[in-house]
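Hi,

Here is the structure I promised to pass on to you. Have it open while you read, and my notes on it follow below.

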Amino acid sequence: AVTGRGGRIAALLAVIALAAALRVALLDRQGLWADELFSLAIATGHSLEHPAAEADPTEGDYVEAPTPLPAAAFRRYLEHEDPPAGFRRVVRAVRLSDASPPLYYLMLNRWTRWAGVSDAALRLFSALWALATIPVLWLIARRVGGDAAALPAVVLFAVSPLGLYYSVEGRMYSLMEFLAVSVVALTLVVASGHAQRWVVPAWSAVSGAALLTHYFCAFVWVACLAWLVMRRRRTQWAWIAGGVVLTALLVLPWYVVLPESLGRWRVTWYWLNAPIDLRGALSAPFSLIWTFLSGQGFWAPLPRSRWLAALAFGVVAAALGRLGRRLFAGERGLVWVWVAAAFTGPVVFDLLRGTNTSAIPRYALAGLPGVLVLAAVGLSRLRPALRVAVVLAIVLAWSSGVRALLHLPHRQYEPYRQVAASLNATTTADDLVLVHSIPSGVLGIARYVNGATTMASWVGQLGQRRVPADAEALTEGRARVILVKIHEVGEPAPEETWLRSHARLVDESRRLTARVSVFRPLTGERFVWRPSRGSAPETDGR
């Protein structure tokens with residue numbers, strides 16, 4: 001065990017350095033994927049997912065241009081204007097496009113004004129919040145498990161493959177984790193009976209920030225509040241009531257528009273609509289916890305790594321079992337309530353809304369630090385030599401996932417950067433790159449392709465394109481049409497069917513979820529469309 005104040009500080013700094021090194025190595029390892037591109041668009045004041053009829057170009061809204069444009073023209077949706085969009089436009093973009101609260105985007109707006117809108121700058125913002133989580137997690141683990149629990153908790157947090165993956169994602173998940181652990185830490189202070197008056201306003205401010213960052217933070221906040229109520233003999237009721245009222249006042253301006261925001265139509269409003277059954281609901285919390293502990297992900301670590309993780313955490317579980325009822329007593333009870341709420345909350349949400357968020361680990365990330373604190377409590381009950389051996393076994397089991405992340409060329413199977421590199425090597429000024437995707441997918445290709453490349457978008461969900469009129473207008477005079485289908489979210493591609501019937505397919509390739517099809521005219525060197533005579537009726541692109 002690390003002893004002495006100086007030793008503990010040195011150990012904590014070493015873990016932060018390790019965590020920072022891993023995250024810096026991942027900042028620019030892969031290109032952005034659709035959700036990260038969406039973050040940049042919203043933070044720079046551009047709405048992407050609104051109905052076409054509500055688009056206002058003067059407010060920076062995405063509009064499907066009637067004619068092809070240079071790729072650089074699409075990139076403006078991912079960049080700050082001059083002058084930059086302020087908080088009003090960011091909040092407007094959130095209301096039109098996202099189903100999340102606005103705080104992350106408002107903070108990202110300020111960050112990217114200073115740091116820029118590069119891939120690394122976007123992800124660094126998330127990585128810094130992940131690093132800020134480590135000292136708070138150390139304090140929680142030390143408080144509920146003693147000095148012997150603090151170091152294992154933060155070591156596991158630093159190298160957790162899924163935690164590492166999402167800690168460099170250009171989304172609000174790292175900020176959500178930081179705020180969740182901060183709410184828990186302040187809850188412990190409020191309940192101690194020795195808190196100073198400033199603690200309650202701080203608890204309310206952090207709670208409000210959490211609730212304005214991600215709605216699923218509410219599960220952790222309600223758990224903390226319930227635990228405070230259960231310990232009412234040690235907590236002043238006036239403090240609890242005052243903290244709740246102050247939190248409500250902080251979030252009320254946004255939450256009064258929540259029903260309208262959640263009820264809006266968006267381009268991808270339906271992507272989570274896959275109702276969960278009873279069996280799935282019962283197993284989902286345990287499946288999520290095991291996903292975090294095993295280090296599993298879509299990068300598919302070796303089976304023996306999962307078995308090693310299972311063995312190591314089996315030892316931890318046995319050590320926890322020896323605590324008996326003390327495992328749930330006192331301040332450890334808050335950690336259990338925290339974990340239970342974070343992992344069952346998405347299930348409750350799914351049962352009420354007919355969705356499947358509980359199948360997606362990122363929606364339970366607020367509970368990951370709590371799971372690691374419980375594991376650290378178990379590790380603290382082991383003899384020092386055995387504790388070190390078990391921690392090393394876990395790190396070894398997770399190392400295959402970490403190595404896979406460091407070599408992963410893409411995120412979420414969306415290879416925008418790779419597809420763009422291929423287009424840059426083969427596309428000429430006479431070609432048209434026609435991207436069939438949602439707006440953020442279109443911007444993903446535009447971000448990495450040569451800025452002079454002629455592009456057009458076909459977002460079927462917007463219902464703005466027609467076959468054959470728009471297909472003919474967009475391809476007129478082009479030597480080749482390169483159709484890129486990526487992240488279309490299940491939307492049919494009638495323009496592809498039309499091209500296969502009215503042009504000659506000369507090449508086709510697939511890279512993960514992206515398919516690139518190259519078409520040439522049936523006759524001649526360029527596409528030339530005469531006025532249609534008896535052509536088929538136009539369709540709306542669906």
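Helix α22 (residues 494-502) lies across β2, β3, β4, β5 and β6 (514-521), and runs at about 135° to β5. "Helix" here is a DSSP run of H or I with at least four residues, a strand is a run of E with at least two, and both are numbered from the N terminus. The angles, from 0 to 180 degrees, are between N-to-C directions of axes, which are lines fitted to C-alpha atoms, for helices over the stretch in contact; contact means heavy atoms within 4.5 Å. Helix α20 (residues 439-448) lies across β2, β3 and β4 (480-485), at about 165° to β3.

Before you go further: this is a predicted model, where local features need pLDDT of at least 70 and side-chain atom pairs count only at pLDDT 80 or more, while totals for chains, interfaces and linings use all residues. Residues are numbered from 1 along each chain as its sequence is written, and side-chain values use heavy atoms, with hydrogens and water left out.

Now the sheet under those helices' names. Six strands make an open sheet with mixed pairing, in the order β1-β3-β2-β4-β6-β5; two strands pair if DSSP finds at least two bridges between them. At the edges are β1 (69-70) and β5 (503-511), each pairing on one side only. Strands β2 (residues 431-436) and β3 (residues 454-458) are parallel partners over four bridges, and L434 stands opposite A456 in β3.

Next, the rings. Phe, Tyr and Trp rings (the six-membered one for Trp) pair if their centres lie within 6.5 Å; planes under 30 degrees apart are stacked, over 60 edge-to-face, and the rest tilted. That rule gives 20 aromatic pairs. The pair F328 and W336 is tilted, because the centres are 4.9 Å apart and the planes are at 40°. F527 and W529 are stacked, with 5.9 Å centre to centre and 25° between the planes. Both F527 and W529 are buried, meaning under 20% relative accessible area, with exposed over 50% and partly exposed in between (1.4 Å probe, protein chains only). W336 counts as partly exposed, at 26%.

S192 is buried, with a relative accessible area of 13%. From S192 to R231 is 39 residues in sequence and 9.7 Å in space, C-alpha to C-alpha.

Cheers
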